[in-house]
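Subject: Handover of a structure

Dear colleague,

I am passing the structure below on to you. Please look through it alongside the notes that come after it.

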Amino acid sequence: MRKTIEKEEVKVNESEVKKEFNLEEAFVLWRNKSKGGNFYLRGKDLHDNKIVGFFNTKKKNPNEPDIRICEINVDANGNETTGNEICSLWDSESKNGNRYLTGTTDEKEKIVAFYGKENEEARPYIRAYFRELDK
């Protein structure tokens, strides 16, 4: 079901975590700006389905996710609507101060995601992987 990526040592922001993971790409997201000036994320999952991500700018509780990822439904006329939430992500920080994301899918699969560099528009803003610790 998932697209397998070679096993590699992953470090936060591709340079820091020292535990090895089996990484299978879950989705990629690019940062966009709405006409109203708000930032949101748009991308594709591993099956090339369109997805959208929203930053939780009104977070009141640390248990609330920082980013919510939803599917995009497309009707026969090509009109898009936001569908069900498929993933929740929480901002995390490594001991060295690098930011990354952890979360779960709607199917309770663990996700680890890494930020790209904001000035590199050709690269995804967030690249997420299914996280499975080596046994």
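This is a predicted model: local features need pLDDT of at least 70, side-chain atom pairs count only at pLDDT 80 or more; totals for chains, interfaces and linings use all residues.

Aromatic pairs

The structure contains two aromatic pairs. One of them joins Phe114 and Tyr129, whose ring centres are 6.3 Å apart with 55° between the planes, and this pair is tilted. Phe114 belongs to strand β8 (residues 110-115) and Tyr129 to strand β9 (residues 126-133), so the pair ties together parts that are 15 residues apart in sequence. Phe114 is buried, at a relative accessible area of 4%, and Tyr129 is buried as well, at 10%.

The other pair is made by Tyr115 and Tyr125. Their ring centres are 5.6 Å apart and their planes stand at 70°, so this pair is edge-to-face.

Charges over rings

Each ring of the Tyr115 and Tyr125 pair also has an arginine over it. The charged end of Arg31 sits over the ring of Tyr125, at 5.3 Å from the ring centre. Over the ring of Tyr115 sits the charged end of Arg99, 4.3 Å from the centre of that ring.

Nonpolar cores

The largest nonpolar core has 18 residues, and those touching the most other members are Phe27, Ile67, Ile69, Leu89 and Ile126. Two or more residues of this core come from each of β2 (20-33), β5 (67-74), β6 (80-93), β8 and β9. Leaving aside residues up to four places away in sequence, the contacts of Ile69 include Phe27, Leu29, Ile51, Val52, Ile86, Cys87 and Leu89. Ile69 also touches Gly53, Asn84 and Glu85.

Another core, of five residues, lies apart from the largest one; among its members are Tyr100, Val112, Phe114 and Tyr129.

The largest pocket

The volume of the largest pocket is about 350 Å³. Its lining is made up of 21 residues, and Asp45, Leu46, His47, Ile86 and Asp106 lie nearest the centre of the pocket. The elements giving two or more residues to this lining are β2, β4 (50-55), β5 and β6. Strand β5 provides the largest share, three residues. Ile86, one of the residues nearest the pocket centre, is also touched by Ile69 of the largest core.

With kind regards

Conventions
Residues are numbered from 1 along each chain as its sequence is written. Side-chain values use heavy atoms; hydrogens and water are left out. Rings of Phe, Tyr and Trp (its six-membered ring) pair if their centres lie within 6.5 Å; planes under 30 degrees apart count as stacked, over 60 as edge-to-face and the rest as tilted. Helices (H or I, at least four residues) and strands (E, at least two) are DSSP runs, numbered from the N terminus. Buried means under 20% relative accessible area, exposed over 50%, partly exposed in between (1.4 Å probe, protein chains only). A charge sits over a ring if NZ of Lys or CZ of Arg is within 6 Å of the ring centre and within 35 degrees of the ring normal. A nonpolar core is a set of buried Ala, Val, Leu, Ile, Met, Phe, Trp, Tyr and Cys residues joined through side-chain atoms within 4.5 Å. Contact means heavy atoms within 4.5 Å. On a 1 Å grid over the protein atoms alone, a cavity is a set of points where a 1.4 Å probe fits but cannot get out, and a pocket is an open set with protein on both sides within 12 Å along at least five of seven lines; lining residues have an atom within 4 Å of a point. Grid points are joined across faces, edges and corners, and a volume is the space filled by probe spheres set on the points.
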